Amino acid sequence: MDHARYLGGSPERTDAPAKTGGALRYTDDRVRPGTLHAALLYSPYAHARIASVDLSRAEAAPGVRGAFSGADWPDTLIGLYMGDKPPLARETVRYYGEPVAAVVADSEAETLAAIRLVEASFEALPPLASPRDSLAPGAAVLHPGLGSYRRIPAILPEPGTNVANRTRIRKGDPEEAFARAPVVVSGSFSFPPGDHAAMEPRVAIAEYGLDGRLTVTSSTQSPFGVRTLLAKGLGLPERRIRVIAPPVGGGFGGKAGIQLEPLACLLAMRFPGRPVRLANAREADMVSSPGRPGLESTVRIAAERDGAILAMDIELLFDSGAYADYAVNVSRAAAVACTGPYKVPNVKADALCVYTNHPFATAFRGFGHIELSYATERALDLLADELGMDPAALREKNAAQPGHTTPTGAVLDPNTGDLPACIALVKERLGWDEGRRRLMPDGKVRAKGLACFWKAPAIPTFTDAGATLAFAEDGSAVLTTGVVEIGQGCFDGLRLIVAEALRMDPSMVRVEPEADTDRSPHDWTTAASRSLFMAGRAALGAAEDAVAQLKRVASAPLRCPEEDLEIGDGRIYLRDDPAHGLPISAVALGYVYENGNAIGGPIIGRGRYIARGLSGMDPESGEGRPGLEWTMGAEGVELELDPRDGSCRVLRSACAMDVGKVIHPALARGQLVGAMAMGIGYATREAFSFDSRQGVQNASLRDYKLLRYGEDPEYFVDFVETPQGDGPYGARGLGEQGIIGMPGAIAQAASLAAGVQLCELPITPEYLWTSMRKERP
Amino acid sequence: MTERKGPYELRLRVNGEERAALTRPAETLLRLLRERLGLTGPKCGCENGDCGACTVLIDGVPTKSCMVLAVECEGRELTTIEGLRDHPVQRAFSAENGFQCGFCTPGMIMNAVALVRAHPEPNEEADRNWMGSNLCRCTGYEGIRRALAAARAELAARAGLMPRAKERP
């Protein structure tokens, strides 16, 4: 069958008119009259005992319907993989920005006025400022209840300590390899936590209906996850909860899991029949709601003199902040992929998710891989230096390929991407072999860097996706899935997959743009770059099911066996006599004979997918198969440093990635370019800046510097297509991966330009300037 | 100078229509547009003037509506994204993938509309100065850069094809 009919075309996005017309309604554009507004009091301390919370003045303020503190829900604990977080702080606050009290009033102005009347007093406690602080002997234990928290079995907390999860990888005999290795290098690499800074701040609007059902509309990537976790956290059965996920104004992992919904729902349950809106202001979105984890790491590499890696010894300490949230799985994902995309026969790795008194961390684009990649790529650079070897050549020599095993001992199957091809493409784009460092006539220095990455989705072994396909009178098809539109444009990929399967013009395929747990087929979460793959498989299944049904119905009026029928261009026809056929519109809702007799009825195609052959990990060795598919790629940059003031700019960036099959080239490129830009921000400017008491100093978009127009480099994107045998038309996910290699590539290039190994992020002008000064006597 | 206290009725000209709304003296234009006039195109990205998602035109000048009080806009001509209809800049953002999640897009487009009007010729420095006031977290600005070029090209072609106003019969 010819698969090239619609795949590989780049039709305009279906949401383009709504988005460029300002007509798309995000969650906060749907506030009904009569909605109550909630405001929160946030902790000004990173660590403190709550001495008192006096709500009386707030309760008496105009328009106020109620005021609440942690004491209102004395037993409720919410969490994603581990229930460790009270909806409002009780007894202690564990981070700057933690919600302490809530006020609900008729208008937002009234609630904001009233929240200032809440009188809370605190007794400050010394804050834990880093994972190493938290692991030091005698450190305060931030979660004394750690042993009793509800959790999933894959998470292994260490009660009595600040370790929320530890994942061990033990492969081969690293001790022996280090003992006999001719070359050993070691380095420590770190960066502080930061924020997603999606343009849409988080918002949840909850209503406890007079019918006893709870409905929450939320800026979430995870409507079904929210439903399940609300059911667990609030003690309501799933059937009494409805979660609606309108298109999201940027996710990047920050809206996966469960966020504002539980508190919004708890407040709404106090006011049956009236919706309660809980919306983050930007500052709260940055520090009170979760950001991304920070990292402290040490990597040792043992190698032969020719560069062949013998062993790695890796310690990854994730700064999870005050609560575990997604970070316990981020650290686990980092362990699964800890070596990066290289053949490493002997591995010892410990990935720890550590509680600190920082804002808590959740999923972030790259999910553990950006962190591990930065650490291992930096260590590889030290090795290349030690060996006097070209850093790209070192990576080529050790590139992981089918047949090799991952750190967990899983064998890389033939679907695994072609990393050497990706490295070659990036080298070509950057003119790698023309020299990596150049002194410019104006005194600036240009330097190049290259890093590799891989990523497997960190998902439950039973991660699923469902899809249905129905038809309208005009013969057009509508696909319904549980996928959330977060900017990635997955619906346009799904539309092309369905169009291809139905051999129908894409303009005749519509994808339902809103996920609703009452109506959409179940779908794990829009995360882990798995929607195109998994919902794509389900969509393909639904289309094939619909085609079979259409043929069955049409075979009667066309008086032929169904297997003689073909579908295409909106018709069902005899394969060997295409003129003899029927339009889909005459069959999809049932066929009507001339005398009025009807057969068939509405066709509904059903499709489903569930992850194949995944298993958990052995708690001692990590052995198992937790990774569904491995996407590989290489990235590189050329940047320009002014040694006089440390200012540094990425001029060109290149990414080559093996995506299996490109479904929608323009959107695929957009995902990679956006991820590269985010990676540049991650590496050069984005991180929280803490004061001595661990308060966040840059919780606004004025002080937290994102890339702006004109600071963007030239982008080069290349795709390699090694088909994913079980992906829809051979496709793999590609939403996150483009960010992963950027910090490593930029750190390598900046280190080369500066003449000093830079082991921290973000690589700001100040950091560059002081590092260069330190090197000089 | 007029003094305002408590709720009062404000009359505005928005997207070519006369509109009236009850407002408070402290209400920003952004909140008035979104909450009282139902124009939710302008977005609350930061309400601090940093992100530009709320950009509208006031008498043709791109302005962050979170930084303006509604009361200041009495008698002004306001244009929000809803007031554009199939503008070449909108078409260019659609065709060139100048958006992903779309949340920054209404503000980005309003700023771009004013930019290409003020600078019909490609002008990298002007583009950087103007568009630098709007944040996009998704695109890496590549599609937006392409969209600006495409919009200018279409506007130039249109100017070349259509006779200038004074030449019209």
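Reader: In this predicted model, what is the handedness of the crossing of H3(B) and H4(B)?

Author: The crossing is right-handed. In such a crossing, the near helix is turned clockwise from the far one by less than a right angle.

Reader: What makes H3(B) and H4(B) roughly antiparallel?

Author: The angle decides. H3 covers residues 105-118 of chain B and H4 covers residues 124-131 of chain B. Their axes cross at roughly 150 degrees and come within 10 Å. Angles over 145 degrees count as roughly antiparallel. The pair is therefore roughly antiparallel.

Reader: Which residues of H3(B) and H4(B) meet?

Author: H3(B) brings B:Met108, B:Asn111, B:Ala112, B:Ala114, B:Leu115 and B:Ala118. H4(B) brings B:Ala126, B:Asp127, B:Trp130 and B:Met131. By class, that contact holds eight nonpolar residues, one polar and one charged.

Reader: How many disulfides are found over all chains?

Author: Zero, in a search of the whole structure.

Reader: What about B:Cys54?

Author: B:Cys54 is in no disulfide either. The nearest cysteine sulfur belongs to B:Cys66, 3.8 Å away.

Reader: How do you know whether B:Cys46 and B:Cys54 are buried or exposed?

Author: Compare each value with the cut-off. Buried means under 20% relative accessible area. B:Cys46 has 6%, so B:Cys46 is buried. B:Cys54 has 3%, so B:Cys54 counts as buried too.

Methods
Residues numbered from 1 in each chain as written. Chains lettered and ligands numbered in written order. Predicted model: local features only at pLDDT ≥ 70, side-chain atom pairs only at ≥ 80, totals over all residues. Heavy atoms only, no water. Disulfide = S-S within 2.5 Å. Buried < 20%, exposed > 50% of the residue type's maximum accessible area, 1.4 Å probe, protein only. Axes fitted to C-alpha atoms, helices over the stretch in contact; angles between N-to-C directions. Helix = DSSP H or I, 4+ residues; strand = E, 2+ residues; numbered from the N terminus. Parallel < 35°, antiparallel > 145°, perpendicular 65-115°, else oblique. Contact = heavy atoms within 4.5 Å. Nonpolar A, V, L, I, M, F, W, Y, C, P; charged D, E, K, R; others polar.
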